[in-house]
Amino acid sequence: MTSSYTGNRREIQWKKIGSRKLKDTIAKGLSYVVLGMMVVILVSIFIYILDSGASHITLTMLITPGNTATGGILNAIVGTWELVGMGLLFSLPPSVLGALYVVNGRSNGTLSLVARLFTDVLTSVPSIVIGLFAFIVLVQRLDMGYSLIAGGLALAVMMLPYLMRIIEISFRNIPKEQIENAYALGADDIRVASRIYLPQAKVGMLSGILLAVSIAAGETAQLLYSAGWNNNYATGFTHSGVGYLTYVVWNGINYPTTYSHYLAFVSAMILILSVTGLIAISKYIGRRQ
Amino acid sequence: MEEKVEKIIEIERLKVETKNKVILDGVDLNIFKNCVNTIVGPSGSGKSTLLRSLNRLLDMDPSMDVSGDVLFEKRNIVDIDPVELRREIGLVFQKPNPFPMSVYDNVAFGLRIQGKKLKKDEMDKMIHQALEDADLIEELGGNLKQGGTSLSGGQQQRLCIARALVLRPKVLMFDEPTSALDPIAKGKIVDLIRALKQKYTVILVTHDMNLTRKVSDYTNLIYEGKFVAKGTGSEFFESEIEEVRDFLTEAD
């Protein structure tokens with residue numbers, strides 16, 4: 001009697017395991033299908049852009065400025081990094097301070113919550129809206145004209161929430177006891193920030209910066225309204241438009257000459273390679289941490 | 001005995017509460033100079049909170065509401081700059097937590113953040129002295145460049161003690177310093193606490209009654225946020241007070 005009972009139980013367990021295995025196989029299969037679709041889309045974009053770009057690239061394109069129809073794209077390459085650098089300059093300090101504030105939370109929590117909500121909303125504001133705002137406030141009201149500062153600020157608005165969130169995460173990874181201990185040894189807020197938070201989070205911060213930079217480098221909409229365009233290099237921080245690669249992609253394709261299409265593809269290729277490179281570096285650094 | 005010993009900290013009606021809980025409910029307690037002052041009590045009775053209120057570490061937590069008076073050398077601690085107060089009253093935490101830097105830099109941390117420029121050999125001397133006082137210098141074999149986190153648990157805890165000692169505090173507080181350590185490492189801390197009271201006033205929070213028996217000069221029982229009983233080393237263990245008897249029975 002007892003033995004047959006045990007036998008039944010075993011059989012039931014077997015059935016259960018069997019159905020679990022089936023479910024597992026189906027779930028795994030679906031994941032692979034979705035992953036496969038993503039890889040196919042990404043790889044075809046890559047191949048298409050690299051193929052179209054690499055076959056038409058010339059040295060002259062890379063070392064001369066131009067107007068998206070004639071000449072090269074050096075003004076756009078330089079301008080892209082100038083704008084991104086400016087964006088970083090405007091967004092990094094407030095992100096670090098904001099993250100320190102949220103993590104160290106000396107407030108009753110309400111302000112931290114507001115800061116969190118603010119950054120979340122900021123992430124989802126369409127870039128064209130940020131651009132429009134930058135145009136009205138910076139370009140027109142503050143009379144900066146299309147410029148590096150206006151473009152940098154418009155990018156900074158977009159970079160800020162990403163930076164702040166990633167920096168906040170790397171701050172939160174530092175053991176709370178260490179922070180408390182530093183205070184117990186007589187460190188004030190500034191010293192705890194400069195000697196504990198910043199040195200220990202530097203790797204996480206760096207990967208955040210690279211990610212924000214790669215996102216900013218691929219932006220177009222808010223720059224159209226704030227940085228404008230320049231057939232040559234920007235000559236100052238205000239009242240001088242700036243060229244950038246995404247503009248070449250957009251305008252070059254719209255222009256009815258073969259050469260302008262080549263410029264667009266080469267710009268797209270440079271963008272995609274630098275963004276991929278930056279993301280790869282940030283992942284590598286992040287993993288090493 | 002008590003009357004002859006100088007009080008270094010006087011705690012009067014100390015109350016700590018959050019919105020929905022009273023953690024310390026009017027504690028009156030004295031800390032005596034150059035003695036090991038032990039605070040015992042069951043988990044959650046408010047011992048750690050008491051320590052953190054003495055060096056105003058509780059100020060960091062906006063949800064804690066602190067009232068009552070704490071006098072450190074006859075001065076109310078709210079009139080002392082918290083940064084200065086924390087250098088005078090050092091705190092060693094339950095879990096050893098060296099900073100991820102070398103042994104030397106760990107000990108130097110407190111000195112460097114003072115902003116005073118110390119000469120290299122002066123700093124070296126202070127760091128060596130602190131490591132010696134914390135009974136760690138021999139085990140390290142002079143290698144102060146090794147990472148603080150690569151030491152064993154017991155060594156890490158003594159490194160944390162050295163880190164506090166280098167600031168020459170008047171009072172050194174220990175929050176259950178042995179609970180995360182093995183018996184041998186624990187034994188070393190016990191010897192160390194005994195030695196330290198020659199130079200410093202020690203406040204020890206623990207629920208380890210063996211440790212208390214070995215090192216305590218004055219033992220104070222805190223129960224559900226209230227000060228219940230105190231006594232010198234042997235007095236305490238023979239106390240007839242009901243809560244003390246209950247606590248001792250449970251602790252053993």
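This is a predicted model: local features need pLDDT of at least 70, side-chain atom pairs count only at pLDDT 80 or more; totals for chains, interfaces and linings use all residues.
**First stop: the interface**

Select chain A and chain B together. Contact involves 18 residues of chain A and 25 residues of chain B. The two chains bury about 1,900 Å² between them, and carbon and sulfur atoms account for 64% of that area. Now select A:Asn181, A:Ala184 and A:Leu185: within chain A these lose the most area to chain B, together 31% of what that side buries.

Next, display the side chains of B:Arg52 and A:Glu180. They meet in a salt bridge, with 3.0 Å from N to O. Across the interface of chain A and chain B, one salt bridge is found. Seven residue pairs are in polar contact across this interface, counting pairs with both residues at pLDDT 80 or more.

Which helices of chain A each supply at least two residues of the side that touches chain B? They are α7, residues 176-184, and α8, residues 189-217. The largest share, seven residues, comes from α7(A). By type, the residues on the side of chain A that touches chain B divide into six nonpolar, six polar and six charged.

Select residues 7-17 and 22-32 of chain B. These are strands β1 and β2, which run antiparallel and are joined by eight bridges. A hairpin is formed by β1(B) and β2(B), with four residues between them. To find one facing pair, pick B:Glu17, which stands opposite B:Val22 in β2(B).

Two bridges join β5(B) to β4, residues 65-72 of chain B. One pair to look for is B:Phe72 with its bridge partner in β5(B), B:Arg75.

Now turn to the open sheet of six strands in chain B, ordered β6-β7-β8-β3-β9-β10, where the pairing is mixed. Its edges are β6 (89-92) and β10 (226-232) of chain B, each with a single partner strand, so one side of each is left without a neighbour in the sheet. From one strand to the next, the twist averages 20°.

Within this sheet, select residues 171-175 and 201-206 of chain B. These are β7 and β8, which run parallel and are joined by five bridges. B:Phe174 has B:Leu204 as its bridge partner in β8(B). Helix α10, residues 242-251 of chain B, packs on the sheet and touches β3 (36-40), β9 (218-223) and β10 of chain B. The direction of α10(B) makes about 90° with that of β9(B).

**Last stop: a salt bridge within chain A**

Over all chains, the count comes to 23 salt bridges. One of them is between the side chains of A:Asp120 and A:Arg165, at 3.2 Å from N to O. Why does this pair tie together parts that are 45 residues apart in sequence? A:Asp120 lies in helix α4 (residues 110-124) of chain A, whereas A:Arg165 lies in helix α6 (residues 148-172) of chain A, so the pair links these two parts.

Technical notes:
Residues are numbered from 1 along each chain as its sequence is written. Chains are lettered from A and ligands numbered from 1 in the order in which they are written. Side-chain values use heavy atoms; hydrogens and water are left out. Contact means heavy atoms within 4.5 Å. Buried area is the accessible area (1.4 Å probe) that two parts lose on being put together, summed over both. A salt bridge is a side-chain nitrogen of Lys or Arg within 4 Å of a carboxyl oxygen of Asp or Glu. A polar contact is a pair of N or O atoms within 3.5 Å; within protein, one must be able to donate a hydrogen and the other to accept it, and residues adjacent in sequence count only if both atoms are side-chain atoms. Ala, Val, Leu, Ile, Met, Phe, Trp, Tyr, Cys and Pro count as nonpolar, Asp, Glu, Lys and Arg as charged, and the others, Gly among them, as polar. Two strands pair if DSSP finds at least two bridges between them. Axes are lines fitted to C-alpha atoms, for helices over the stretch in contact, and angles run from 0 to 180 degrees between N-to-C directions.
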